[in-house]
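The sequence and structure come first, and the notes follow.

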Amino acid sequence: MNIGNKSILAKLLATENVSVEHKNVRTAYFDLKERKIVLPVFKDMSADLYDLLIGHEVSHALNTPLEGWHDAASSKGRGFKSFLNIVEDARIERDIKSRYPGLTKNFYKGYRELFEMDFFGLDRDVNEYPLIDRINLHFKVGMFAAVDFTAEELIYVDKVSTCETWDDVVAVATELYELSKCEEAMTDMVEEMQFDPGQGDDTDEGETEQVPGDSEEESDDNSKLGGSDNDNEQTTDEEVNEDVSETIASDDTTEQSDDFDPVSVTDMNYRKAEQQLVKTDAPDYHYASFPKLDYKKWIEMDPWKDFPKFKFIRKVAGEEFGYDDQDVDHDEAVDLLLNRHNAKNRGYINMMVQQFEAKRKASQFAKARENKSGDLNMNKLWATQLTDDVFLSNTVVPDGKNHGMLLVIDFSGSMHDKMQATIEQLLIQVAFCKKVGIPFEVYSFTNVRVRENVQYLLQNQRQEDLQIKDDGLTILKLFSSDMSASKYKQAVRNLIALSGLHADNNHRYDESLPYAHRMDVDEMFWLGGTPLAETVLLLRDRAIDFRRENNIEVLNTVFLTDGGNTGDLEVSGRSGFSRNESIAITENGITTVCDFKKTSWSMRFQDMVCETLISHFVHTTGSRVINYYLDNASKNDLRYTYVNVNGWDAEEKFEKNYKQEWLKEGFLQIDGLNGFPNAYILRAKDLGNVEELEVKGESKGDLVRGFKKFQGSKSKSRKFLNNFIEKIA
């Protein structure tokens, strides 16, 4: 069930600030004070039936006072309440279909589906039922039920169809209720007059004379009306109300008219049958509002303003043995590292640009071909009564300026041995975006720096919102496409300098490559935890603004990480739930819940929160969200991760993909990993690991073998970037 989509429908129908919640309850109800519709978690069903149920409950919320809801008590008894239900349902459903004519078809198809499922519990021809039941079927099922009315009965049908207010409903329901009492009394009188008057005088001497109401015939009638099958037992009102086929009867017709409580059998059967639609094993959803936070106060929007110059060193061979440290000026070291990076990657960046432009031109050509047949088809105008599809759809993005890119880089401690290669890949992507004119922004995230303004922000969050608790949350805006040329150049140099902090051992002992001391950098650039959930939460609003500011049609948000979420978020003061509980994030009528089909048995509460936030990010920004997960996992670790996301029956598929993707290409696609709709595990050791061209010997064969090895290494190291182009184009 897609709770989110149906909540959007409810919000649109309500046209006011009415919240919608799905909970593990037996029936729908409306919290008048909180203006909140609470719906059961329904089983999978047709779209028409779902729209019927949602539309019905929303109209109750808009039109019905508290005393008119199905589960509200009535001073006249449960029987009268069923009359109120029928008349009120007719009124509120007429109102919602009048407001939204498109729902008329949904209501008709939905009720027809329920009728065919025998929700009304019909055991005989519909026209043999009392007037109130035929009115119920007439207004719910319509002509499909083929209900007949006499001229006198049509007067009451018209009264039901013209109720405008709740007072009208009460008045008409009362008339029908009293009429049903008279109908029942008249029926019993006719049946009694059909008995033989002398039947009681033929008793044999010595037999006990039967009192009225004890005859076999009357016993049968009492059974039909709710009497006990056992003459020595009394049927209580509660027992009668539990069985919708029973009603209270009396042997005296005058008393029966005053005390008898008629009931609509079809309404009572329908209320009971509704339970068949409810998912009884559904989790208990706890709702939290998506917070309205000013991301500019949480994110360091200009982290480079006080970026320091720090000391670089390089290892040089000692005179006798070992290596000595040699100091290198900061700017000189950055120049060396930057020149090496450009020489290594300039050609590949140009190839990425050519590849992207080729795909973009192919898309433009595809669109142009569609537009040739996009003229109004005069011969198809008749079809507008059935469909709006009189033009061919346009779905191809016209050019690169309508693309946008958000890149989010994990600065967690476990990235230390991958950070140099990651920064290299990041700079390649940034250079690519600039060359093709794609608007972009780059952010890093971790949780190492405690800031005073964050402490203040943490203390001023609303209790009903999803709340951030991490006082060390650190998100930096590293790049943006609207940077000035000088700021962009400085940002590139600063990132190159940072890469020197994470040089691997080969780099450290390469005399041509300097590296930096780790403690010479500001703490905001240190590596720490992985507050992925908080980052997704705060970047959501930025994604919406970024898209609007740049008129972006296709937004890609790429997360480059090497681990799952370690963030700390709370829902209504709670940081954990039991396994039968879950959270639902609500915002402007949109509700996002964790997809339990992909929720593994090993998922923690914070993982569930993070997955829900990623899904909410996708729904509310319209962005394609991709995760590249860096790992050097063994085959067993990969198998465990794969089946944990896809289920234990996916082992055979894993074996196939392991051979075709991981061994040959250096990546494994596992959509749903950590809640990301598109996820790829990348072999971290291949990232940025490009060997130099080395030829052993002078023969032609040595040259060919050396070139193949070089090309193979270069190809593997670029799988991330090749896949990157495929995904964003």
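## Charges over rings

The charged end of R124 sits over the ring of Y129, at 3.9 Å from the ring centre. A charge is taken to sit over a ring if NZ of Lys or CZ of Arg is within 6 Å of the ring centre and within 35 degrees of the ring normal. K434 likewise lies over the face of Y488, 4.4 Å from the centre of that ring.

The model is a predicted one: local features need pLDDT of at least 70, side-chain atom pairs count only at pLDDT 80 or more, and totals for chains, interfaces and linings use all residues. Residues are numbered from 1 along each chain as its sequence is written, and side-chain values use heavy atoms, with hydrogens and water left out.

## The chain as a whole

The protein chain has 23 helices and 19 strands; these are DSSP runs numbered from the N terminus, helices being H or I of at least four residues and strands E of at least two. Of its 729 residues, 49% are buried. Buried means under 20% relative accessible area, exposed means over 50%, and partly exposed lies in between (1.4 Å probe, protein chains only).

Among contacts (heavy atoms within 4.5 Å) with a separation of 6 or more, 72% are between residues 24 or more positions apart.

## Aromatic pairs

There are 17 aromatic pairs in the count. Rings of Phe, Tyr and Trp (its six-membered ring) pair if their centres lie within 6.5 Å; planes under 30 degrees apart are stacked, over 60 edge-to-face, and the rest tilted. F83 and Y177 make an edge-to-face pair, 5.4 Å centre to centre with 85 degrees between the planes. F83 is in helix 3 (residues 78-99) and Y177 in helix 7 (residues 166-193), 94 residues apart. Both residues, F83 and Y177, are buried.

F120 and Y270 are stacked, with 5.4 Å between centres and 25 degrees between planes. F120 lies in the loop between helix 4 (103-116) and helix 5, and Y270 in helix 11 (residues 265-273), so this pair ties together parts 150 residues apart in sequence. F120 and Y270 are both buried. One aromatic cluster is formed by F115, F119, F120, F144 and Y270.

## Salt bridges

Side chains of opposite charge can pair when their charged atoms come close. The whole structure holds 28 salt bridges, each a side-chain nitrogen of Lys or Arg within 4 Å of a carboxyl oxygen of Asp or Glu. In the bridge between E424 and K344, the closest N and O atoms are 3.2 Å apart. E424 is in helix 14 (residues 419-436) and K344 in helix 13, so the bridge ties together parts that are 80 residues apart in sequence. E424 is buried, at 11% relative accessibility.

E464 bridges to R462 at 3.1 Å between the closest N and O atoms. Both ends are partly exposed: E464 at 40% and R462 at 45%. R540 forms a salt bridge with D541 at 2.7 Å, and R540 is buried at 4% relative accessibility. Salt bridges with shared partners also join D89, K140, D267, R271 and E274 into one network.

## Helix 5

Helix 5 (residues 131-141) is mostly covered, with 9 of its 11 residues buried. G142 follows helix 5 and has a positive phi, near 75 degrees.
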